[in-house]
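Reader: I'd like to learn how to read this structure feature by feature. Could you take me through it?

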Number of protein chains: 2
Amino acid sequence: MQIAIVLYDRFTALDAVGPYELLSRLPGAETVVCAEERGPVRSDTGVLGVTADASLEEVRAPDIVLVPGGPGQGLLMEHEPLLGWLRAVDATATWMATVCTGSLLLAAAGLLKGRPATTHWAAMEALSAYGAVPTPERVVRDGKYVTAAGVSAGIDMALELCGRIEGDEFAQALQLGIEYDPQPPYSAGSPATAPEHLVRTLRESPEKILGG
Amino acid sequence: MQIAIVLYDRFTALDAVGPYELLSRLPGAETVVCAEERGPVRSDTGVLGVTADASLEEVRAPDIVLVPGGPGQGLLMEHEPLLGWLRAVDATATWMATVCTGSLLLAAAGLLKGRPATTHWAAMEALSAYGAVPTPERVVRDGKYVTAAGVSAGIDMALELCGRIEGDEFAQALQLGIEYDPQPPYSAGSPATAPEHLVRTLRESPEKILGG
């Protein structure tokens, strides 16, 4: 079972690393970090350089594809080297998974037409422009397409995917292994619970808070 | 404000990347990924290569130090190039933060003597061998020393730290930005809630589940 984690310039690191931490521990998994070209890829803050060990062209038939989101996604919405690759691997992949605005790339590749899907809460409307059906849930599954909401939602998504692939007990063992017993000190993680002015600021000027 | 994220061979990626995603967005932060030597450092699964952009020696007076855990920690408990560096930067750092077994490195450096601290649930007893006071909470703060429980706990820790440094409102905005509204599909994230036989397996043979 090959798992391809797809990176691109200015991806959001936690989008990729959250699910990686779980999926890469599936029994029999061979996980490969790939990008259009081999070599270091910078995250959206510029701080993290993560090595792509393979080019997209070297990864021909992964079983699971994970596409993270991030500010760099916006530059790739017509970028055939990536979109064409997504369409090609989709033909044989068992699971196509995205986190945050990664789902917009899948949608731009034409793979989410008519399908319920999610993304970062502030990008929800963009999904419909590509024919997907915006569904504001934390994890949305439609057949083999699994999309997660913003950034940290990839952890919940991957845990669910591990359960479907290897069974609930294995997924629970992984959850215990990464001590995923979340206790955020605030309850501002969703636009439904966060102070309204913060929702407005992040929607209108995300760079004020998130930089990049 | 300089933030140093310390990597070493076979670190657990999410330990570092969870807090990175939040701390690196603090206003005025300059975040640097460092390791004993510059260059790519491999995570515990071998899958992820993260670039250290600076050697420890080049990072002399960081304001915040973040030490992740991971299987590689066990080989460094008498490794003076790292432990000596931790002692040296501790003299001027404002915050010394760890995730998972990263606290054992801080303890081995002699910095947690008599202090309450936490670590991965399965490593709790090891803390007392170095004079720390094992405290099974998700985030434990004692003065400038902030230790988080296993792997994913670093996200909660960093959110708390961001609140202390930049105020609750900024931390809430970050939480909303990464949509940290956790909804794990299972409730097995702590030994108190996980099935007992999984707790036993992970305590006795963690490699069966986590590999590495």
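**Reading the fold and the pair**

Author: Start with burial: buried residues make up 62% of the 212 residues in chain A. Here buried means under 20% relative accessible area, exposed means over 50%, and partly exposed is in between, with a 1.4 Å probe and protein chains only. Before going on, note that this is a predicted model, where local features need pLDDT of at least 70, side-chain atom pairs count only at pLDDT 80 or more, and totals for chains, interfaces and linings use all residues. Residues are numbered from 1 along each chain as its sequence is written, chains are lettered from A and ligands numbered from 1 in the order in which they are written, and side-chain values use heavy atoms, with hydrogens and water left out.

Reader: What does the secondary structure of chain A come to?

Author: Helices (H or I, at least four residues) and strands (E, at least two) are DSSP runs, numbered from the N terminus. Chain A has eight helices and 11 strands. Its radius of gyration is 16 Å, close to the 17 Å that the globule rule gives for 212 residues, so chain A is as compact as a globular protein of that length. That radius is taken over C-alpha atoms, and the rule is 2.2 Å times the number of residues to the power 0.38.

Reader: How do I read a helix, say H6 of chain B: is it mostly covered or uncovered?

Author: An α-helix has 3.6 residues a turn, so residues three or four places apart point the same way. Helix H6 (residues 168–177) of chain B is mostly covered, with eight of its 10 residues buried. Among them are B:Phe170, B:Leu174 and B:Leu176. The cover includes helix H7 (196–204) and helix H8 (206–210) of chain A, along with helix H1 (13–23) and helix H5 (153–166) of chain B. After H6(B) comes B:Glu179, whose phi is positive, near 45°.

Reader: What about a strand residue: is B:Ala97 buried or exposed?

Author: B:Ala97 sits in strand S7 (residues 95–99) of chain B, and at 1% relative accessibility it counts as buried. Not counting residues up to four places away in sequence, its contacts include B:Val65, B:Val67, B:Met157 and B:Leu161.

Reader: Where is B:Thr135, then?

Author: B:Thr135 is in the loop between strand S9 (133–134) and strand S10 (139–142) of chain B. Even so, B:Thr135 counts as buried, at 14% relative accessibility.

Methods: Contact = heavy atoms within 4.5 Å.
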